[in-house]
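Biologist: I am new to this structure. Please take one part and look at it closely, then place it in its surroundings.

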Amino acid sequence: MKYLKFALLIFFFAFSQQIRFRDVAAELGINVPGGLGATCLFFDYNNDNYLDILFDPGGRVYLFKNNYGVAFTNITDSARLTNYGFISVVAGDFNNDGYVDILATSNGAEVYLFRNNGDGTFSEVADSLGISLGGYGALFLDYNLDGYLDILTVGTQSRLYKQTLSGFQLVYTFEEATNACVFDYNNDFYPDIYLLRSGENKLYRNNGNGTFTDVTSQANVGNLGNSQTATAGDFNNDGYLDLYLTNLGGGLNCLYVNQRNGTFLDRTNFYGVGDVGDGRTCIFIDFNNDRLLDIFTTNHVNLNRLYKNMGYSAPFFNVAGQVNIANPADVFVSSWGDFDNDGDLDAFLTGHFGNGYALMRDSGGNYFHYLKVKLLGCQSNKVGIGTKLYLYRNDTTQLVEISSISLVAHFGLGNSPNFDSLIVLWPSGERNTKYFGVGDTLLTIEEPLSAIKEEKKEKLKEGFHLFDIQGRRIKSLSQRGVFFLFNKRKNIKIIRR
């Protein structure tokens, strides 16, 4: 036992020498007043493959242009974003014109939809497109898989707006909520909705026909802890998205492990990620590129936690202090992305501390490799929200699902830059496959165009085989989802049912 403890000490000492976060906001040109930071987002508004920063440090929003990872320039006024204040913000290309738009909410529960004009300016179009009722937050999703982004707002009444040819139409209402997480928990490609509430949280399964079913009890995710934020990610690399949420004043944070049968299992205690019941925000990220998703979570009064994933069958380990991201504390929102394109993830934090914001760059780096993927949809929405990316190497499968929180997939590759294959499964049912690739780069992948057949039954002839979205051979179409029909040489049909 003493040798094991000694080995762990050596490991964490070496680890702490590699990765150190440091606030570089001021030295890179971000110096604006604030103190009650509300929200933030990394996104690439001008398609130069460098992440820009949109944030509200308390009272008004700012947009800073990334100058190739070495400095930032305040372009708020020229972008026509002056005098707006945000409490939430996400990104997506709602009109599929190739430029990323902004969806935000304000303290007054207003919802804003800023169309990116492609010339460095934005135009607010929410009212003109029929979105008049907002809430505490909003998210992009394509709930009906028609290739156009829809909008979910959460508040005193949560609302789903469907995008039509003339704008947006209110098509569904849910309970009051303080926040939401949209993810495909059952791998049928239709995005499901998890509402965070001061009472029991709610999970709504998307039935694929324009309706939703409350499966909270069945799925075992009706947390009662006054939940603030939730994040979805496949931390155990089994091809299904798991769920982590923060609770404030009503119980500890919670880690729900997807059981791959429509249910979740609370494994918080085993993995040691309950924190102290003071949770603000959380996110799954692979901060050290070791091919295992870690958890970053913040608190109201207590220090931040960065829970390092130690393996599928071992508790997580809090390394926030070792890597210098335990502070600043009282963080309301964190956004993670590789703003300097050096391969490791950096963080932008907003909250009630200092000037209300911090740009925490991974200044130490690490020795592990990475792969970033940017998507260009054709039949699916342009930025690929809802797309699943599977990275295969040896016996490990990593899954990333694109959301309006982060439009770039980031994979850690561990100690080798090589991977066996990358499979991109689009909401349309289209599929890209790249074999025997090399990482340490940004790949841009465009969705192919082919016929997609809707079928209830598929009779297999000799030499033909059916596979599910994870590449597992199946005998028949016994459930909803997207499937692939292969002969011995190639994929010949995409089937949705």
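**Cysteines, cores and a buried aspartate**

Modeller: This predicted model holds zero disulfides. A disulfide is a covalent bond between the sulfur atoms of two cysteines. Take Cys 181, which is in no disulfide. Its nearest cysteine sulfur belongs to Cys 282, 8.3 Å away. Cys 181 counts as buried, because its relative accessibility is 7% and the limit is under 20%. Cys 40 is buried too, with a relative accessible area of 3%.

Asp 242 is buried, yet has no salt bridge. The nearest side chain of opposite charge is that of Arg 260, 8.2 Å away. A polar atom of the Asp 242 side chain does lie 2.8 Å from the backbone nitrogen of Asn 258. Asn 258 is also among the contacts of Asp 242 beyond four places in sequence. Others include Thr 231, Gly 233, Tyr 256, Val 257, Phe 264 and Phe 284.

Next, the nonpolar cores. In soluble globular proteins, nonpolar side chains tend to be buried together. The largest core here has 65 residues. Those with the most contacts inside it are Phe 43, Ile 102, Leu 113 and Leu 422. Phe 43 touches Ile 102, and its other partners include Leu 51, Leu 63, Val 100 and Phe 122. A second, separate core has 24 residues, including Tyr 185, Val 221, Phe 264 and Tyr 392.

Methods: Residues numbered from 1 in each chain as written. Predicted model: local features only at pLDDT ≥ 70, side-chain atom pairs only at ≥ 80, totals over all residues. Heavy atoms only, no water. Buried < 20%, exposed > 50% of the residue type's maximum accessible area, 1.4 Å probe, protein only. Lys, Arg positive; Asp, Glu negative; His and termini not counted. Salt bridge = Lys/Arg side-chain N within 4 Å of Asp/Glu carboxyl O. Polar contact = N/O pair within 3.5 Å; in protein donor to acceptor, adjacent residues only side chain to side chain. Contact = heavy atoms within 4.5 Å. Core = buried A, V, L, I, M, F, W, Y, C linked by side-chain atoms within 4.5 Å. Disulfide = S-S within 2.5 Å.
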